[in-house]
Amino acid sequence: MKSNTTLRLFLTFFKIGAFTFGGGYAMIPLIQREVVENKKWLSDKDVSDVVAIAETTPGPIAINAATFVGYKTNGIMGAIASTLGVVLPSFLIISLVALAFKKYMKYEIVANAFWGVRIAVVALMVKALISMFKQCPKNAVSYSVAAIALILVAVFHTNILFIILGAAIVGIIYNQVKAGRNR
């Protein structure tokens with residue numbers, strides 16, 4: 001049973017890695033659909049936790065998310081299978097693209113195709129944002145943290161690590177105060 005799950009994790013993340021363009025954030029809606037809706041390995045809340053953990057740990061979000069989903073689903077072997085599955089398509093595709101890029105990028109149709117792909121990636125990122133927003137707490141503190149984080153990143157180009165650390169501290173303090181009031 002476990003080896004069957006390991007293979008299914010590899011194939012699921014191989015498919016996600018092979019058919020998602022635009023990086024990790026573009027993969028989030030596909031990961032959510034596959035592991036929550038199609039395979040029922042995790043819940044929506046689990047995926048929100050996966051994204052939060054994947055963003056706060058060093059490395060690409062897609063690899064971190066795949067590793068965490070694999071581990072949560074099938075332990076160490078699941079983590080290895082999911083990570084290899086999500087990385088292998090990119091490695092193969094980039095290797096092929098690198099061989100052909102200079103030769104074909106001079107053609108207008110190829111440049112136009114890349115323009116179209118960039119637009120589609122923005123749409124996928126917006127979908128991921130909407131999906132994650134639905135899972136977030138809806139209160140003044142949450143909205144304030146999100147607004148301040150956006151301003152710090154967009155206007156002041158603050159290092160994302162400091163923003164994540166600050167948000168984590170606010171989350172701890174807010175929930176401790178809230179728990180204290182409910183006693």
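Predicted model: local features only at pLDDT ≥ 70, side-chain atom pairs only at ≥ 80, totals over all residues.
1. **Overall make-up.** Start with the count. The protein has seven helices and zero strands. Read from the N terminus, the order of elements is α-α-α-α-α-α-α. Along the principal axes, the C-alpha atoms fill a box of roughly 65 × 50 × 25 Å.

2. **Helix 3 against helix 4.** Find residues 44-56 for helix 3 and residues 61-104 for helix 4. Their axes come within 8 Å. They cross at roughly 130°.

3. On the helix 3 side, the contact uses Asp46, Val50, Val51, Ile53, Ala54 and Glu55. On the helix 4 side, look for Ile61, Asn64, Ala65, Phe68, Val69 and Lys72. Sorted by class, this contact of helix 3 with helix 4 holds eight nonpolar, one polar and three charged residues.

4. **Helix 6 against helix 7.** Now move along the chain. Helix 6 covers residues 140-154, and helix 7 covers residues 160-181. Their axes lie 10 Å apart, at an angle of about 165°. Angles over 145 degrees count as roughly antiparallel. Helix 6 and helix 7 are therefore roughly antiparallel to each other. Helix 6 passes helix 7 in a right-handed crossing.

5. **Residues in that contact.** Helix 6 brings Val141, Val145, Ala149, Leu152 and Val153. Helix 7 meets them with Ile160, Ile163, Ala167, Val170 and Tyr174. What classes of residue make up the contact of helix 6 with helix 7? The tally is 10 nonpolar, no polar and no charged residues.

6. Next comes empty space. Rolling a probe the size of a water molecule over the atoms shows where such space is left. The count gives one cavity of 30 Å³ or more. The largest cavity holds about 60 Å³ of space. Its lining consists of Ile28, Gln32, Asp44, Val47, Ser48, Val51, Ser131, Met132 and Gln135. Helix 2 (24-38), helix 3 and helix 5 (108-135) are the elements that each give two or more residues to this lining.

7. **A closer look at the cavity lining.** Which helix gives the most to the lining of the largest cavity? Helix 3 does, with four residues. By class, the lining has four nonpolar, four polar and one charged residues.

8. **The pocket.** The largest pocket has about 1,800 Å³ of space. Its lining counts 38 residues. Those nearest the centre of the pocket are Glu55, Met132, Cys136, Val145 and Ala146. The elements giving two or more residues to the lining are helix 2, helix 3, helix 5, helix 6 and helix 7. Helix 7 supplies the largest share, 10 residues. The lining divides into 27 nonpolar, seven polar and four charged residues.

9. **Residues that link the points.** Some names come up again.

Definitions and conventions. Residues numbered from 1 in each chain as written. Heavy atoms only, no water. Axes fitted to C-alpha atoms, helices over the stretch in contact; angles between N-to-C directions. Contact = heavy atoms within 4.5 Å. Nonpolar A, V, L, I, M, F, W, Y, C, P; charged D, E, K, R; others polar. 1 Å grid on protein atoms, 1.4 Å probe; cavity = no way out; pocket = protein on both sides within 12 Å on 5 of 7 lines; lining within 4 Å. Points joined across faces, edges and corners; volume = space filled by probe spheres on them. Parallel < 35°, antiparallel > 145°, perpendicular 65-115°, else oblique. Left-handed = near helix turned anticlockwise from the far one by under 90°.
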